[in-house]
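Welcome! Here is a short tour for anyone meeting this protein for the first time. Have a look at the model, then read on.

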Amino acid sequence: SLIHLKRSPPSTKETNMARAAIRLLILVVLVGYLMVWIMMPTNTYKQKWLPSIRNKVNNSAWFGKQGATLLIYQFPILFVAILGCVYLHLGKRSNDTKPDNNKEHILQAWKVPMLVKGPLGIVSGTELSFLLMFVALLTWSLSVYIHNGFATITPKSGAEYGEKVWEAKLANAGLYLGLVGNICLSLLFFPVSRGSSILPLLGLTSEASIKYHIWLGHMVMAFFTAHGLCFIICWVVTKQTSEMLEWSKTDISVVAGEIALLAGLVMWSTTIQRIRRRVFELFFYTHHLYILFVVFFVFHVGISYACIMLPGFYLFLVDRFLRFLQSRDRVRLVSARVLPCDTLELNFSKNPGLSYTPTSILFVNVPSISKLQWHPFTITSNSNLEPEKLSVVIKCDGSWSKKLYQTLSSPSSIDRVEVSVEGPYGPTSTHFLRHDTLVMVSGGSGITPFISIIRELMFASTAYKCKTPQVLLICAFKNSSDLTMLDLILPMFATSSAVSNLHFKIEAYVTREKEPTTDNWRLLPAKWFKPLPTDTPISGILGPNSWLWLGAVLASSFAMFLIIIGLINRYYIYPIDHNTNQVFSYAQRAFLNMLVICISIGITASAAVLWNKRQNAKDRKQIQNMEGPTPVGSPYSGFYNADRELESVPHESLVQLTNVHFGERPDLKRMLFECKGSSVGVLVSGPKKMRSEVAAVCASGLADNLHFQSISFSW
């Protein structure tokens, strides 16, 4: 929730001290980890640091050559991820969330949009700074690799391998491009690990981090493509094309690298904006080639070197398997509202113990439409205001959503819709209350994340009687029928006091019509379903203490991996390498490591999920026993009652707060500059052009009180 104004428990001070200590420890580890990447291309690292570590680790029969890379690269990130889980758990339990205004004032200068147009989209000062530092790291690494590597290439050294100097330099340049590409690859999977602790630890969400995944993906494929082309050119010129078919048993596997590169190029080609928008299914399905890409990348470089990029992929695997387990359940869809603007509101039953923040998203799958397609939708309900309900809004803008709309809007009776979900996912905290005024600018269905924010403000003003910001909602729609989306601002069973407690105003603009063509303010009837007893309320996959459970899964799975792979190395691989004339195949070693990783994650994550499922079942049974028998007419759900009349929604209050403008667009620059208050939070959600326009106004420097934030939405 936005705030907790209840009396602070006695342990608040100790909790904050513990969080500060964890923050400091995480910072120290990350600084050390960054230093390793900076020093990695230097001779100091290769000739002094790494040999010293390998002499201490590689002499062990338990882990061999990969022991050093596990210690240097994989252990620090998993350690940070586990500490992050503890940190986030303590933050979730802590009730002391008063904003530090001075700190916020300092940070706001870094959050101002620096770039508002161009291929990168809207980029804040913080993002631009980190992007430039990352590019500097890549430039530094490549230049040092080339400087040190080319210094050893002479006509004499080239003659030993039957190469000319330029041929040797081209081959080495290809190698160095691959090494730099691996830096990008090591970060590629962090932004798409939705439930990982790394993103919220940095104040990020999975939806907002997708652009980082896109940037990194382009960098990875650019470097790896150049890496492959350098070697292909070198082999063609030196007439060694047979090298392209080599799969070495104890060295780099060329064929595996070619397969990985081919899979990557296919994925890369479908990320072109025109292809992704027009044929989204092609983009979606080809992206599953990441499995082929990663597997053959590991075969290509060997498991020892692959451990450099494995931390991010390891966290992604844990997150992906937990999402898979959650998606196996069928959830309880209790009702739906069909809007005349080709929009649906789906209402699910929710476990009261599940809490989420405003602007969170939920991934939805309807097997009757597609068993493979998962679509993210913004959650419009509020976990405090509606503890047993979770709602999402779906706008028809594709074949999948159109089929669902046709199914639910058909006059034929539908008793049940089979649905699976993943999530919810969202920010760990929000800071809307720190502003004097909130201006929410939306275009079309971009209004959906603001619905959850407004409902949270309703709860805060009603439950805690606290001062909330003045709210100005500026929403633009194409047609007057889209105005019915404003009805979704209020919960289905809202009271008039919930609206009156807010300082709330709506400026709605209908851009393509000069006068209303429909009755925009009518009650939206709900269609009620009859879920099966096996349909479960939406619950957190790891329960209310999800961060602690995630940390336990990470720690136990990695410990299990170390134990099993250590035993395999000690009693199977080591005897072959040292007691016979044979050398254990790199490909087989890589396969065993990947298999053990999957087994370890599968066992520990399944055990954690099974434990929490049993606990959720006990809690539901206790609640049912306390509530007594379910009312007549509701055989399957406490929500459902076919004979119940829909309670009156206070539409009159909403109408009085709304000014509708037909045939014009909002003058955003004027409206933003007219906003009063020392701190005005400007939230925008909608088309790219609208977001860029608002970002440009806030970044202009003409008004110091405007604080911009772009809100991701899914529908």
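## A first look

S206 counts as buried at 9% relative accessibility, where buried means under 20% relative accessible area, exposed over 50% and partly exposed in between, with a 1.4 Å probe and protein chains only. This is a predicted model, so local features need pLDDT of at least 70 and side-chain atom pairs count only at pLDDT 80 or more, while totals for chains, interfaces and linings use all residues. Residues are numbered from 1 along each chain as its sequence is written, and side-chain values use heavy atoms, with hydrogens and water left out.

**Around S206**

- S206 belongs to the loop between α8 (198-201) and α9; helices (H or I, at least four residues) and strands (E, at least two) are DSSP runs, numbered from the N terminus.
- Once its neighbours within four places in sequence are set aside, S206 is in contact with P191, R194, L199 and Y425, contact meaning heavy atoms within 4.5 Å.
- R194, one of the residues in contact with S206, also has its charged end over the ring of F363, 3.6 Å from the ring's centre; a charge sits over a ring if NZ of Lys or CZ of Arg is within 6 Å of the ring centre and within 35 degrees of the ring normal.
- Another charge over a ring involves R570, which lies over the face of Y571 at 5.3 Å from the ring centre.

**The whole protein**

- The protein has 23 helices and 15 strands.
- Of its 715 residues, 52% count as buried.
- Among contacts in the protein with a separation of 6 or more, 80% come from residues 24 or more positions apart.

**Aromatic rings**

- A pair of aromatic rings is described by the distance of the centres and the angle of the planes.
- Rings of Phe, Tyr and Trp (its six-membered ring) pair if their centres lie within 6.5 Å; planes under 30 degrees apart count as stacked, over 60 as edge-to-face and the rest as tilted.
- By this rule the count is 23 aromatic pairs.
- F224 and F297 form a stacked pair, because their ring centres are 6.0 Å apart and their planes lie at 20°.
- That pair links distant parts of the chain, with F224 in helix α9 (residues 210-237) and F297 in helix α13 (residues 290-301), 73 residues apart.
- F224 is buried at 9% relative accessibility, and F297 is buried with a relative accessible area of 6%.
- Y290 and F316 are edge-to-face, because their ring centres are 5.5 Å apart and their planes lie at 85°.
- Y290 lies in helix α13 and F316 in helix α15 (residues 310-327), so this pair ties together parts 26 residues apart in sequence.

- Two packed helices are described by the angle between their axes and the distance between the axes.
- Helix α5 (residues 125-150) packs against helix α7 (residues 165-188) at an angle of about 150°, with the axes 10 Å apart; axes are lines fitted to C-alpha atoms, for helices over the stretch in contact, and angles run from 0 to 180 degrees between N-to-C directions.
- α5 and α7 are therefore roughly antiparallel; angles under 35 degrees count as roughly parallel, over 145 as roughly antiparallel, 65 to 115 as roughly perpendicular and the rest as oblique.
- The residues making this contact include F134, L138 and Y145 of α5, and Y176, V180 and L187 of α7.
- The axes of α5 and α9 come within 13 Å and cross at roughly 15°, which means that α5 is roughly parallel to α9.
- Here E127, L131, F134 and L138 in α5 meet K211, Y212, W215, L216, M219 and F223 in α9.

**Backbone details to look for**

- Most residues other than glycine have a negative phi, and most peptide bonds are trans.
- D342 is not a glycine, yet its phi is positive, at about 55°.
- D342 lies in the loop between β3 (333-339) and β4 (343-349) and is partly exposed, with a relative accessible area of 39%.
- T359, also not a glycine, has a positive phi of about 75°.
- T359 lies in the loop between β4 and β5 (361-365) and is buried, with a relative accessible area of 14%.
- G423 and P424 are joined by a cis peptide bond, with omega about 5°, and P424 lies in strand β8 (residues 420-425).
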